[in-house]
Amino acid sequence: MQENLFINHADLKEFETHALADDWIREYPAFLSASEASQLLQGLIAHIPWRQDQIRIAGVQRLVPRLQCWMGDAGYGYSGLRLQREPWHELVSPLKDRIEELTGAQFNSVLLNYYRNGQDSVAWHADDEPELGRNPLIASLSLGAERPFELRPKPGCPGGKCRLRLRNGSLLLLGDTLQQHWMHQLPKQPGLDEPRVNLTFRWVCE
Ligand SMILES: O=C(O)CCC(=O)C(=O)O
Ligand SMILES: [Mn+2]
């Protein structure tokens, strides 16, 4: 029988809310135990159909500095790139179910990012595409190497630059007006040789 990937319900209630001016991020630091998260990391690295797409930045075609996979029931794209949609994977569906149970929200898609080492990154952006709706709830699960997650307010919005640690097995909930007011990035980390996988569960309106 497959080992239960999740820690028990009582532990899941432990969360911390980070205040960002008028917004917030809720963190479940141990949504998965460290060993469960590391096992899942290896499974996803081996079995997900990862792709490295190209996007056009300032008129120049460049490889996205990480591998990605878009999965679920709805299509999606950003920066002029339409992501190829994959069906729900058996390693990912149970995570979706569990996060839906925890949040009471529904998710119809997930973007998986695979940062092979500290050279991989995601640049400043907000997840504010119209098809995510005005105030999307995004659930972000981190597996593998701990990396900093930086936030800065959009021009004219209150607050200052801040940074959270994305721990192995932690889950962040990003909701309400966060994507309207804040940008985020995962900077490169020279010298880091360990992989990280992130899954952002989303609801896409088609
Ligand atoms: O890897 C992360 O923690 C963040 C990824 C992200 O912001 C995104 O895919 O939109
Ligand atoms: Mn994002």
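Reply: Happy to! First a definition we will need: donors are N, O and S atoms within 2.8 Å of the metal. Keep in mind that this is a predicted model.

Me: Great. Which spacing do the donors of the manganese ion (ligand 2) follow along the chain?

Reply: Let's begin with the residues themselves. The manganese ion (ligand 2) is coordinated at 2.1 to 2.2 Å by NE2 of His 125, OD of Asp 127 and NE2 of His 184. Read along the chain, these donors give the spacing H-x1-D-x56-H.

Me: How many residues apart in sequence are the parts that His 125 and His 184 tie together?

Reply: Look at the strands that hold the two. His 125 belongs to strand 10 (residues 122–125) and His 184 to strand 15 (residues 182–186). The pair therefore ties together parts whose separation in sequence is 59 residues.

Me: Which polar side-chain atom lies 2.9 Å from an oxygen atom of ligand 1?

Reply: Several side chains are worth checking here. For Asp 127, a side-chain N or O atom is 3.1 Å from an oxygen atom of ligand 1, and for Asn 198 a polar side-chain atom lies 3.3 Å from one. The 2.9 Å distance belongs to a polar side-chain atom of Arg 196.

Me: What share of the area that ligand 1 exposes when taken alone does the protein bury?

Reply: Ligand 1 sits in the largest pocket. Taken alone, ligand 1 exposes 300 Å². Of that, the protein buries 96%.

Terms used
Residues are numbered from 1 along each chain as its sequence is written. Chains are lettered from A and ligands numbered from 1 in the order in which they are written. This is a predicted model: local features need pLDDT of at least 70, side-chain atom pairs count only at pLDDT 80 or more; totals for chains, interfaces and linings use all residues. Side-chain values use heavy atoms; hydrogens and water are left out. A polar contact is a pair of N or O atoms within 3.5 Å; within protein, one must be able to donate a hydrogen and the other to accept it, and residues adjacent in sequence count only if both atoms are side-chain atoms. Accessible areas come from the Shrake-Rupley method with a 1.4 Å probe; for residues, only the protein chains shown count as cover. On a 1 Å grid over the protein atoms alone, a cavity is a set of points where a 1.4 Å probe fits but cannot get out, and a pocket is an open set with protein on both sides within 12 Å along at least five of seven lines; lining residues have an atom within 4 Å of a point. A molecule sits in a cavity or pocket if more than half of its atoms lie within 2 Å of its grid points. Donors are N, O and S atoms within 2.8 Å of the metal (3.2 Å for Na, K and Ca); water is not among the atoms, so sites may look incomplete. Helices (H or I, at least four residues) and strands (E, at least two) are DSSP runs, numbered from the N terminus.
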